[in-house]
Amino acid sequence: MAEKSKPEFTLGDLGTIKEGILAEEAGFKPFERFGSDFTLRPETVFGALPFVGGLTNIGQAIGKYQLEDSVNKFYGLDKGFKDTSISSGKNTSETNRLINEIKAFKAEDPYSTTPNITRDDIQNFMMQKKPDLDLAPIQNRMYTQKQLDNRTTDFYKPEQVYITQPFSSGRTAQNITSTGFRSGISPQDRAMIEEDQAISGYSSYGDAMKGGYYDNELKSTDQFAEDKINQSNVTNMVDPRTGKSTYDPAYARAVTKENRQEAGNDTASESTFICTALYEMGQMPIGIYKYDQRYGQQVNKKIYNGYALWGKPIAQKMRNRGFIYNIITPIAMRWAEQMAFDMSDGKVGKKRYSIKAMKFLGEAICYGIGLFIKPEGEKHGSNRNRQHGEKRRTIRGEDGLQKRRGRPRTKRRTAS
């Protein structure tokens, strides 16, 4: 009899855990000593009001069930509705088990400077426990608790300083921050990244960010909203708390990218699958990976569609590091090196005539496949080219101004 597969833990489950645990920690458990996990939250008190109490309490019960269900997935437990509902209301719940593990992790984290569990604590805990999700820190923290204690005087009580961490990819965030390079990166890797940016025509990190060099690893605006930093996508904006400019090129680029996606003009969607898997697994250098991304973004749409049909499932299987991984990895690495060589005019990568011949044959096969498939996401027969195709028609009102689906976001509120 085949072994039953474990339930998959996803980024959606992580979001549920963050919101649920923060709500649990913010509440009060008056009956904890009697074995009940009932939490008195602000919405619970609000639920005592006539006409709204029933709906509020039902909503809280559903929220506790969803939290417990996501935690079950984290631990690889396949529980049914009944068992999950019962356990969600007990002190012995899997949720409480996870909270205690996060607290133990937090106690050993030298950069943790708050008494209660924060989003940072949950994210950093999950980065260690679920490396396959390729999570990145929500933000970079400057001081350890020991450093803050040593700097305390009678006149000055220092607080933790948070610095923007703009990448959704954990591997990319390990190398680069929005204020420059981390102290732990090797001089060789730093020189390689700087050289790749220069070859691409960018004179600085900020220019590379604004030019879209890091689009595939950039956080969404919603992910930016999780940090404690005042950011803006408008130049010459001033933070009233510090008197300093709040313009952030990374956040500005995320807003631009989001607006392009809403308008249907985004060209920075995922352009490669197998090489992305190898990069996230630590097998492919970022310099090679960036050129492979660029090749994928400019390739003919039908070739890309044909490749996506078989490349995406193979990339997913490669992450298991099994037979397919062992077969595909050496071929894909040589392919990526050849693409980097071509895209950088010979400055990066290696030239291999056998791979060039394979490229010609492979693209022809993918093009043939792409002729007969309609990729997921295309509607009403739309066949717009991924990079150089026709833009959507602009719709204007009676006043002659372009109609939009919403006002562009100009300034982001501080989120904590």
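Colleague: How many helices and strands does the protein chain have?

Modeller: This is a predicted model: local features need pLDDT of at least 70, side-chain atom pairs count only at pLDDT 80 or more, and totals for chains, interfaces and linings use all residues. Residues are numbered from 1 along each chain as its sequence is written, and side-chain values use heavy atoms, with hydrogens and water left out. Helices (H or I, at least four residues) and strands (E, at least two) are DSSP runs, numbered from the N terminus. On that basis the protein chain has 17 helices and 4 strands.

Colleague: What percentage of the residues in the protein chain is buried?

Modeller: A residue is buried under 20% relative accessible area, exposed over 50% and partly exposed in between (1.4 Å probe, protein chains only). Of the 416 residues in the protein chain, the buried share is 40%.

Colleague: What share of the contacts in the protein chain with a separation of 6 or more comes from residues 24 or more positions apart?

Modeller: Contact here means heavy atoms within 4.5 Å. Among contacts with a separation of 6 or more, residues 24 or more positions apart account for 63%.

Colleague: Let's look at one helix. Where does H15 bend?

Modeller: H15 covers residues 301-318, and its end C-alpha atoms are 24 Å apart, close to the expected 26 Å. That expected span is 1.5 Å times one less than the number of residues. A bend is the angle between axes fitted to the seven residues ending at a position and the seven starting there. For H15 this angle is about 40°, and the place is Ala308.

Colleague: Which residue caps the N-terminal end of H15?

Modeller: Look for a side-chain oxygen 2.8 Å from the backbone nitrogen of Lys302. The residue that supplies this oxygen is Asn300.

Colleague: How many of the 13 residues of H14 are buried?

Modeller: The end C-alpha atoms of H14 are 19 Å apart, which agrees with the 18 Å its 13 residues should span. The buried ones include Ile286, Tyr289, Asp292 and Gln297. H14 is largely enclosed by the rest of the structure, because its buried residues number 11 of the 13.

Colleague: How many disulfides does the structure hold?

Modeller: A disulfide is a covalent bond between the sulfur atoms of two cysteines, counted here when those atoms lie within 2.5 Å. Cys275 is buried at 4% relative accessible area, and Cys366 is buried at 7%. The number of disulfides is 0.

Colleague: Is Glu337 buried or exposed?

Modeller: Glu337 sits in helix H16. Leaving out residues up to four places away in sequence, Glu337 touches Ile288, Val348, Gly349, Lys350 and Arg352. Its relative accessible area is 17%, so Glu337 counts as buried.

Colleague: Which residues does Lys356 touch, not counting residues up to four places away in sequence?

Modeller: Lys356 lies in helix H17 and is partly exposed, with a relative accessible area of 34%. Lys356 and Gln338 are 18 residues apart in sequence, yet their C-alpha atoms are 7.4 Å apart. With those sequence neighbours left out, Lys356 touches Gln338 and Asp342.

Colleague: What is the phi of Arg321, a residue other than glycine?

Modeller: Most residues other than glycine have a negative phi. Arg321 lies in the loop between H15 and H16 and is partly exposed at 43% relative accessibility. Its phi is positive, near 55°.

Colleague: Where is Asp134 placed?

Modeller: Asp134 also has a positive phi, about 55°, although it is not a glycine. With a relative accessible area of 12%, Asp134 is buried. Its place is the loop between helix H6 (119-129) and strand E1 (139-141).

Terms used
Polar contact = N/O pair within 3.5 Å; in protein donor to acceptor, adjacent residues only side chain to side chain.
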